[in-house]
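Some labels in a structural description rest on a cut-off. The dialogue below asks what stands behind each label.

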Amino acid sequence: MALQSSGQITLQDIQDEFGGSHPIEFSEYYGSGGAPGSGELELADFYGLANAYNIEYLSIAGGGGGGSSVNAGGGGAGGRRTASGLSITGGTVFTVTVGGGGGQNSAGSNSAISGSGITTVTSTAGGKGGRGNLEQQAQVNGGSGGSGGGGGTGDVTFNDDQVNGQGGSGTAGQGNNGGDSRGSATGEGGTNSSCAGGGGGGAGSAGADAGGSGTGEATGNAGDGGNGTADSITGSSVTRAGGGGGGTINTRGNSNQGSYQGGVGGSGGGGAGGRNSNGSSGQSNRGGGGGGSGGNNSGGSGGSGVVILKIPTAN
């Protein structure tokens, strides 16, 4: 807490604010809190000054949920923000909000750090994975967010009527874009189709596009989730904020269908995409995106975010 701005001020007041030992030497407080760094010191020089110190923070939002239904996109990782050198004064009260992960077809929630005298730090929620087996472009597109969700593949019931979803956009400085879906349908009923969802973006890299494209002979591998980013704020290296893998139905096919694979979750807690199964959920406290569904199943939920403050015990 800052020293008073008027009235009587004592050496003990200064020591209580900035620390020190007895006997009190006035010269040890040169430059403290903005006081003169040399020359003559006066008690009045310390009016209104405070013992500021620097902290390090890591803030990751909740990951987006993977898309549901056939060939859905993976959820994007929660936005990641970190910095050192945030200057605060003793007695600052922080308010910390940790964002939850989103359910299937839903974005996560923001994380935030706020307090008196500091600019609020907000990490943007991870984007949802695009749904599969739908004809509306807005529904199959991955959602934008801290990292964008992967796109889902649209209805492939008849030839040439399919809608391929685009990956959502990531937020600059917080994450990366989701991957696009890919697919084809050859003949009525999509009997020779190869379709798959794109991977959700991660803090370290974009989600991968799905592998199926062009004709029904292309592989229907789903896109992998983008990798997260490692930090050592707790003293050991931990990777967080990985994107969810896309899903693939793996049943409509040609001779290549055995090679169809759901997308791998990105390092740092991204959930794996389903292979004609549910997508896996993103890892809690890492902001991982949920995996996209393969087949008429459910997308994985996004993982909750985390906020870590590294505060020195002495300046």
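This is a predicted model: local features need pLDDT of at least 70, side-chain atom pairs count only at pLDDT 80 or more; totals for chains, interfaces and linings use all residues.

Reader: Why is Ser 147 called buried?

Author: Buried means under 20% relative accessible area. Ser 147 has a relative accessible area of 0%, so the residue counts as buried. Its place is in the loop between helix H2 (137-140) and strand E6 (182-184).

Reader: What makes the approach of the Ser 147 side chain to the backbone nitrogen of Asn 176 a polar contact?

Author: A polar contact needs a pair of N or O atoms within 3.5 Å, one able to donate a hydrogen and the other to accept it. The side chain of Ser 147 reaches the backbone nitrogen of Asn 176 at 3.0 Å. That side chain also reaches the backbone oxygen of Gly 202, at 3.2 Å.

Reader: Which residues is Ser 147 in contact with, leaving aside its neighbours within four places in sequence?

Author: Contact means heavy atoms within 4.5 Å. Among the residues in contact with Ser 147 are Gly 76, Ala 77, Gly 126, Gly 127, Ser 169 and Gly 170. The list also includes Asn 176 and Gly 202, the residues whose backbone atoms the Ser 147 side chain reaches.

Reader: Why is the aromatic pair of Phe 26 and Phe 46 called tilted?

Author: A search of the whole structure finds one aromatic pair. Phe 26 and Phe 46 form this pair, with 5.7 Å centre to centre and 35° between the planes. Rings pair if their centres lie within 6.5 Å; planes under 30 degrees apart count as stacked, over 60 as edge-to-face and the rest as tilted. The pair of Phe 26 and Phe 46, at 5.7 Å and 35°, is therefore a tilted one. Both residues lie in the loop between H1 and E1, 20 residues apart.

Reader: Are Phe 26 and Phe 46 buried or exposed?

Author: The limits are under 20% for buried and over 50% for exposed, with partly exposed in between. Phe 26 has a relative accessible area of 23%, so it is partly exposed. Phe 46 is at 0% and therefore counts as buried.

Reader: How do you know that the buried residues of H1 are on the same side of the helix?

Author: The buried residues in H1 are Ile 14, Gln 15, Glu 17 and Phe 18. They cover an arc of only 165° around the axis, so they fall on the same side of H1. After H1 comes Gly 19, with a positive phi near 85°.

Reader: What joins His 22 and Pro 23?

Author: A cis peptide bond, with omega about -5°. Pro 23 is in the loop between helix H1 (11-18) and E1.

Reader: Why are E2 and E10 said to stand at the edges?

Author: The open sheet has three strands in the order E2-E1-E10, with antiparallel pairing. Strand E2 (80-89) and strand E10 (306-310) each have a single partner strand, so one side of each is left without a neighbour in the sheet. The twist averages 20° from one strand to the next.

Reader: What makes E4 a partner of both E3 and E5?

Author: The requirement is at least two bridges. Four bridges join E3 to E4, which run antiparallel, and E4 pairs with strand E5 (residues 121-123) over three bridges, also in the antiparallel sense. Thr 95 stands opposite Ser 114 in E4, and Ser 111 stands opposite Ser 123 in E5. E4 and E5 form a hairpin with five residues between them, and Gly 117 in the turn has a positive phi of about 80°.

Reader: Why is Asn 285 called partly exposed?

Author: Partly exposed covers the range between buried, under 20%, and exposed, over 50%. Asn 285 has 46% relative accessibility, so it counts as partly exposed. Its phi is positive, about 65°, although Asn 285 is not a glycine.

Definitions and conventions
Residues are numbered from 1 along each chain as its sequence is written. Side-chain values use heavy atoms; hydrogens and water are left out. Helices (H or I, at least four residues) and strands (E, at least two) are DSSP runs, numbered from the N terminus. Axes are lines fitted to C-alpha atoms, for helices over the stretch in contact, and angles run from 0 to 180 degrees between N-to-C directions. Buried means under 20% relative accessible area, exposed over 50%, partly exposed in between (1.4 Å probe, protein chains only). The arc is that of the directions from the helix axis to the C-beta atoms. Rings of Phe, Tyr and Trp (its six-membered ring) pair if their centres lie within 6.5 Å; planes under 30 degrees apart count as stacked, over 60 as edge-to-face and the rest as tilted.
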